[in-house]
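Thanks for coming. I will go through one model this morning, piece by piece. Please have the sequence and the structure open.

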Amino acid sequence: MFQGIWIDKQDGRYTADLRGINPEQLPEGDVTVRVAYSTLNYKDALAITGASPVVRQFPMVPGIDFAGVVETSSHPACKPGDSVVLNGWGVGEKHWGGLAERARVNGDWLVPLQAPFSLKQAMGIGTAGYTAMLCVMALERRGVTPASGPVVVTGAAGGVGSVAVAVLAKLGYEVSAVTGRAEQADYLKGLGAQHIVERASLSAPGKPLAREQWAGAIDVAGGHVLANVCAAMRYRGTVAACGLASGMDFPATVAPFILRGVTLVGVDSVMAPRAERLEAWRRLASDLDLSKLDVVTQEVALADVPALAPEMLAGKVRGRVIVAVRA
Ligand code: NDP
């Protein structure tokens with residue numbers, strides 16, 4: 001038996017708890033991984049609480065990412081002893097995920113652990129950090145550079161936001177960090193943010209166009225926050241949208257797009273092509289200061305995860321949560 005978080009839904013009752021799982025129940029796949037670390041991402045919190053229909057079949061082991069060591073493999077690119085990382089591909093949603101001591105997956109979904117990261121550091125970054133890097137790359141592809149002007153990051157004290165602030169600051173951008181938690185101002189300045197913006201200033205319905213402020217934006221919130229960020233972009237600025245912490249809706253007008261040539265780029269980490277994943281991990285290795293990563297992360301045990309999930313949805317968790325899975 002191995003330990004894992006087990007989500008079930010029976011007679012309409014949704015449960016998520018830590019229990020022993022028989023290895024014979026592991027799903028199909030050509031690689032079995034001894035999981036060392038997983039993480040708690042926003043989507044995991046949605047899955048564990050059942051707040052949103054993230055889990056597509058039951059029972060499910062949640063965990064949209066993990067880092068570990070290959071135990072057995074019939075995949076040509078993986079051999080026992082390899083250190084590997086997985087992000088997305090529906091793992092933890094429709095295929096058993098990383099919040100358990102063992103995972104069996106399709107070897108095509110795995111990427112090699114990027115040097116110089118340890119397994120733990122890779123999960124300190126996790127899907128949130130890798131998505132932050134995909135967002136930075138999306139801005140760069142549209143020509144946003146530090147010389148273009150200031151950039152803004154919403155949900156800055158959360159997982160995606162913290163890594164985005166740290167990376168952008170290291171790259172030389174002037175970063176405005178939007179947060180609903182004034183008490184996190186010092187934390188965000190420590191990551192490199194130059195300006196702190198109160199979330200409340202962006203979360204109510206706003207005008208179609210506002211004062212031009214930012215050349216680039218990374219948004220994890222959606223809703224009015226995203227609409228107001230778009231309205232405050234400089235001429236030909238770019239917004240990378242990846243999240244829905246405020247809501248799924250987008251109550252905006254076309255004004256920023258047709259009058260200021262603003263670009264709204266969608267970022268999805270789950271099905272991102274392999275080449276882009278490898279590029280994002282390489283960029284994290286060069287553009288994320290490891291001392292900042294230590295500040296951003298906290299480590300918890302597998303048993304702590306069910307209680308932490310609702311706190312994450314309530315916006316009370318700061319930075320990244322590493323889950324130590326290895327027994
Ligand atoms: P976290 O819970 O770590 O961070 C979310 C942050 O959003 C909070 O810390 C808070 O930051 C802010 N926030 C909370 N509630 C609101 C609100 N009502 N309005 C505006 N901001 C709010 O989550 P993650 O960073 O892991 O994920 C952020 C979002 O990105 C989620 O929606 C997640 O699903 C999405 N995501 C998408 C991915 C993709 O592939 N597209 C991949 C990874 C994540 P503060 O207190 O500083 O305001």
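I start with Val-305, which is buried because its relative accessibility is 0%; buried means under 20% relative accessible area, exposed means over 50%, and partly exposed is in between, with a 1.4 Å probe and protein chains only. Before going on, a word on the source: this is a predicted model, where local features need pLDDT of at least 70, side-chain atom pairs count only at pLDDT 80 or more, and totals for chains, interfaces and linings use all residues. Residues are numbered from 1 along each chain as its sequence is written, and side-chain values use heavy atoms, with hydrogens and water left out.

Val-305 sits in helix H9. Helices (H or I, at least four residues) and strands (E, at least two) are DSSP runs, numbered from the N terminus. What does Val-305 touch, leaving aside its neighbours within four places in sequence? Its contacts, meaning heavy atoms within 4.5 Å, are Ile-5, Leu-40, Ile-48, Leu-99 and Val-323. Gly-149 is 156 residues from Val-305 along the chain, and their C-alpha atoms are 40 Å apart.

Now helix H1, residues 42-49, where Asp-44, Ala-45, Leu-46, Ala-47 and Ile-48 are buried. Those buried residues pack against strand E1 (2-10), E2, E3 and helix H9 (305-313). Just after H1 comes Gly-50, with a positive phi of about 75°.

Strand E2, residues 13-21, contains Thr-15. Thr-15 counts as buried because its relative accessible area is 18%. Neighbours within four places in sequence aside, Thr-15 contacts Trp-6, Ile-7 and Asp-8.

Next, the domains, whose bounds come from an automatic or database domain assignment. Domain 1 is 2-113 + 294-324, and domain 2 is 127-266. Taken over C-alpha atoms, their centres are 29 Å apart. The contact between them takes 13 residues from domain 1 and 15 residues from domain 2.

On to the nonpolar cores. A nonpolar core is a set of buried Ala, Val, Leu, Ile, Met, Phe, Trp, Tyr and Cys residues joined through side-chain atoms within 4.5 Å. The largest one has 52 residues, and the members touching the most others are Val-153, Val-165, Leu-168, Ile-218, Trp-281, Leu-284 and Leu-288. Which element gives the largest share of this core? Helix H2 does, with 14 residues. Domain 1 and domain 2 each give this core at least three residues. Another core, of 42 residues, lies apart from it and includes Trp-6, Trp-89, Val-91 and Leu-99.

Leaving out neighbours within four places in sequence, Val-153 contacts Gly-161, Ala-164, Val-165, Leu-168, Val-175, Ser-176, Ala-177, Val-178 and Ile-218.

Last, the ligand. There are 25 residues around the ligand, and Val-160, Thr-179, Gly-180, Arg-181 and Ser-269 come nearest; a residue is counted if one of its heavy atoms lies within 4 Å. A polar side-chain atom of Arg-181 is 2.7 Å from a ligand oxygen atom. A polar backbone atom of Val-160 is 2.8 Å from an oxygen atom of the ligand, and a backbone N or O atom of Val-267 is 2.9 Å from a ligand nitrogen atom. Alone, the ligand exposes 910 Å², and the protein buries 89% of that; these areas come from the Shrake-Rupley method with a 1.4 Å probe. H2, H3 and E9 are the elements giving two or more residues to the shell around the ligand.

That is the tour; questions are welcome.

Terms used
Polar contact = N/O pair within 3.5 Å; in protein donor to acceptor, adjacent residues only side chain to side chain.
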